[in-house]
Amino acid sequence: MPDTDARYRGADSRQLLRATLALLAQAGWQIGNVDATIITEQPKMAPDLPQMAAHIAAYLQVPASCGKAKTVERLGFVSRGEGIATEAVVLICQEAASSQDRCRKFLQCCAMVLQSKPNFFL
């Protein structure tokens, strides 16, 4: 869904998310959890974060969603009030896998990364 494709210009992001969830489900995957961060100087987001995280969790049908807000301490376009940045990390899991299986696969993946790039997590 590239932003250069005119079909997606002005699209409701919830529809794009719904399409992405459908693609994941077709391939046998589901959302495990979400960790999202909003980076802005203004407005202050802390009062709204619990409700935003609850909405995201409900929409994605996951037990909980982690929402955070932070500032950039006067660095770049965000501090100048020219925009807001966001970051998100989403864990996807195979639907049939148990929690133990997912944990084992995750640890195996981490071990592989550490073998190839020893300083990756530093």
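**Figure 1. T40 in the loop between β1 and α2.** In this predicted model, T40 lies in the loop that runs between β1 and α2. Because its relative accessible area is 4%, under the 20% cut-off, T40 is classed as buried. The side chain of T40 comes to 2.6 Å from the backbone oxygen of Q42. Apart from neighbours within four places in sequence, the residues in contact with T40 are M45, K70, T71, V78 and I84.

**Figure 2. The peptide bond between Q42 and P43.** P43 belongs to the loop between β1 and α2, the loop that also holds T40. The bond joining Q42 to P43 is cis, with omega about 0°. Most peptide bonds are trans.

**Figure 3. Overall arrangement of the protein chain.** Four helices and three strands make up the elements of the protein chain. Read from the N terminus, their order is α-β-α-β-α-β-α. Of the 122 residues in the protein chain, 18% are buried. Among contacts with a separation of 6 or more, 69% are between residues 24 or more positions apart.

**Figure 4. Helix α1 and its two ends.** Helix α1 covers residues 13-26, which is 14 residues. From first C-alpha to last, α1 reaches 20 Å, close to the 20 Å expected at 1.5 Å a residue. At the start of the helix, a side-chain oxygen of D12 comes to within 2.8 Å of the backbone nitrogen of R14. G28 follows α1 and has a positive phi, near 85°. Most residues other than glycine have a negative phi.

**Figure 5. The largest nonpolar core.** Seven residues form this core: L24, I31, V34, A36, A57, L60 and V62. Two or more of them come from each of β1 (29-39) and α2 (49-60). The contribution of β1, three residues, is the most from any element. In soluble globular proteins, nonpolar side chains tend to be buried together. L60, one of the core residues, touches L17, L21, I31 and V34, when residues up to four places away in sequence are not counted.

**Figure 6. T37 in strand β1.** T37 is part of strand β1. T37 counts as buried because its relative accessibility is 8%, which is under 20%. With neighbours within four places in sequence left aside, T37 is in contact with K68, K70, A85, T86 and E87. K70 is also among the contacts of T40.

**Figure 7. The largest pocket.** The volume of the largest pocket is about 330 Å³. Its lining has 15 residues, of which V34, A36, I56, E87 and A88 are the closest to the centre. At least two lining residues come from each of β1, α2, β2 (65-70) and β3. The largest share, five residues, is supplied by α2. V34 and A36 are also members of the largest nonpolar core, and E87 is among the residues in contact with T37.

**Figure 8. Q94 and W29.** Q94 is placed in strand β3, which spans residues 85-94. Its relative accessibility is 32%, between the limits of 20% and 50%, so Q94 counts as partly exposed. Q94 and W29 are 65 residues apart along the chain, and 4.4 Å separates their C-alpha atoms.

Notes:
Residues numbered from 1 in each chain as written. Predicted model: local features only at pLDDT ≥ 70, side-chain atom pairs only at ≥ 80, totals over all residues. Heavy atoms only, no water. Expected span 1.5 Å × (residues − 1). Polar contact = N/O pair within 3.5 Å; in protein donor to acceptor, adjacent residues only side chain to side chain. Buried < 20%, exposed > 50% of the residue type's maximum accessible area, 1.4 Å probe, protein only. Core = buried A, V, L, I, M, F, W, Y, C linked by side-chain atoms within 4.5 Å. Contact = heavy atoms within 4.5 Å. 1 Å grid on protein atoms, 1.4 Å probe; cavity = no way out; pocket = protein on both sides within 12 Å on 5 of 7 lines; lining within 4 Å. Points joined across faces, edges and corners; volume = space filled by probe spheres on them.
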